[in-house]
Amino acid sequence: MIETPQNAVAPDTRTAEEKSFDAGARDYADIPEPVNERENPDALFANGWGRRGHFALLVAPSGVGKSVISTQLLVPWAAGRPGLVGSAPLIPLRIAVIQAEDDDTEMAEFRRDHRLGHMAEGWTLQDILAAERKIKDWSPFFRGKVGDGFLRGLELALRRQPVDVVILNPLQSYAEIDLNKNREITEFLRNGIAPILSKSRVLMLCVHHTNKPQIDKNKGGVFGDDAMSAYVGAGGAELTNYARSVTFIRRCTEKECKVENSFMLVGAKRGNRLGWKDAEGKRTVHKIIAYSPDYIHWRVPSREEIEETKNPVDAASTPSRQPV
């Protein structure tokens with residue numbers, strides 16, 4: 001008879017799944033305390049608006065200018081400065097663009113007019129060109145890549161050229177799913193996109209279209225302006241549920257602003273993390289923007305300009321002011 005030594009280690013009879021559970025289960029009290037956002041290795045934007053591995057949505061009706069906003073973000077974000085969307089970047093961001101909306105001529109026109117628009121805002125051409133070198137255009141590589149092919153291409157691209165942010169415009173061109181079916185959205189986003197973003201430590205901002213507008217008779221405008229506006233994007237609720245932040249673009253009402261071609265950015269989800277302030281210095285989830293009269297470029301009207309247009313009689317005798 002063979003005797004087992006008293007100090008022998010008992011064999012581990014746990015299954016691989018049981019070992020995984022034992023390693024991954026913890027007490028709620030043992031979750032590490034939050035760190036300052038500037039010390040958080042996953043932080044990309046102030047106040048936790050966007051971190052590595054996050055998925056964000058920029059939603060607007062067709063023809064409003066979503067593509068222009070998405071390209072106008074590039075230079076400020078690459079330079080580590082605030083853009084129209086999101087809170088302030090914490091670092092200069094490396095950005096990749098994947099878009100199926102505009103041809104090379106249109107993209108070059110956007111770039112040219114954004115340069116002019118940024119210089120009108122006080123940028124030097126040297127700073128603009130330096131920021132542009134941090135921006136990659138992956139669009140030619142992704143032509144024709146949809147569904148699983150897009151996911152494989154995204155993994156490869158992020159290995160070849162690591163970046164901090166990927167801007168995808170629009171989602172429908174690459175997903176190859178029925179956006180009205182939450183099960184298919186879950187499969188593509190949570191099971192397909194999410195692991196890639198987490199592994200590559202990348203934030204993805206997706207440009208997305210709305211459904212056909214529904215008049216909100218109670219609010220006197222199109223869609224809405226509360227937290228439910230996060231759900232105006234075309235497709236099932238799972239799309240918004242998965243997104244960590246949602247920014248919605250709608251036209252301003254007459255009461256809000258009479259500046260020509262003015263629109264409202266609404267921080268529909270995570271808006272309280274944007275750091276935006278109203279005229280009284282209070283936190284807000286709204287920002288008025290307008291088309292530039294001179295360039296393919298959005299501008300932020302001055303508070304004086306907005307107030308003047310609310311009272312056109314007074315505005316007629318008041319010198320015009322430059323937007324800020």
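Trainee: How many cavities of 30 Å³ or more does the count come to?

Mentor: First, keep in mind that this is a predicted model. The general idea goes like this: rolling a probe the size of a water molecule over the atoms shows where empty space is left. In this structure, the count comes to one cavity of 30 Å³ or more. The largest cavity has a volume of about 40 Å³.

Trainee: Which residues line the largest cavity?

Mentor: Look for Ser67, Ser70, Thr71, Val97, Gln99, Asp102, Met107, Ile167 and Asn169. Two or more lining residues come from each of α2, β2 and β4. The biggest share belongs to α2, which gives three residues. Sorted by class, the lining has three nonpolar, five polar and one charged residues.

Trainee: Now for pockets. How much space lies in the second largest pocket?

Mentor: A pocket is open, while a cavity is a place the probe cannot get out of. The second largest pocket holds about 660 Å³ of space. It is lined by 31 residues, and the closest to its centre are Leu74, Met107, Arg111, Ile135 and Asp137.

Trainee: Which element gives the most to the lining of that second largest pocket?

Mentor: That's α4, with eight residues. Several other elements supply at least two residues each, including α2 (66–72), β3 (135–137), α6 (139–142) and α8 (172–175). As for class, you'll find twelve nonpolar, eight polar and eleven charged residues in the lining of the second largest pocket.

Trainee: Let's switch to charges. How many salt bridges does a search of the whole structure find?

Mentor: For a salt bridge, you look for a side-chain nitrogen of Lys or Arg within 4 Å of a carboxyl oxygen of Asp or Glu. Searching the whole structure turns up 13 of them. Take Glu37 and Arg51, whose closest N and O atoms are 2.8 Å apart.

Trainee: What does the salt bridge between Asp164 and Arg94 link?

Mentor: The closest N and O atoms of Asp164 and Arg94 are 3.0 Å apart. This pair links distant parts of the chain, 70 residues apart: Asp164 is in the loop between α7 (148–160) and β4 (165–169), and Arg94 is in the loop between α3 (74–78) and β2 (95–99). Asp164 counts as buried because its relative accessibility is 2%, whereas Arg94, at 39%, is partly exposed. Elsewhere, salt bridges that share partners join Asp12, Arg14 and Asp22 into one network.

Trainee: One last feature, the surface. Which residues form a nonpolar patch there?

Mentor: For a patch like this, you look for nonpolar side chains with over 30% relative accessible area. Here the patch is formed by Leu116, Met119, Leu125 and Leu129, with about 300 Å² of accessible area together. Both α4 (104–120) and α5 (125–132) supply at least two of its residues. Leu125 sits in α5, and its 40% relative accessibility is why Leu125 counts as partly exposed.

Methods
Residues numbered from 1 in each chain as written. Predicted model: local features only at pLDDT ≥ 70, side-chain atom pairs only at ≥ 80, totals over all residues. Heavy atoms only, no water. Patch = residues over 30% accessible without salt bridge, like charges linked within 9 Å, V, L, I, M, F, W, Y side chains within 5 Å. Areas by Shrake-Rupley, 256 points an atom, 1.4 Å probe, with all protein chains shown as cover. Helix = DSSP H or I, 4+ residues; strand = E, 2+ residues; numbered from the N terminus. Buried < 20%, exposed > 50% of the residue type's maximum accessible area, 1.4 Å probe, protein only. 1 Å grid on protein atoms, 1.4 Å probe; cavity = no way out; pocket = protein on both sides within 12 Å on 5 of 7 lines; lining within 4 Å. Points joined across faces, edges and corners; volume = space filled by probe spheres on them. Nonpolar A, V, L, I, M, F, W, Y, C, P; charged D, E, K, R; others polar.
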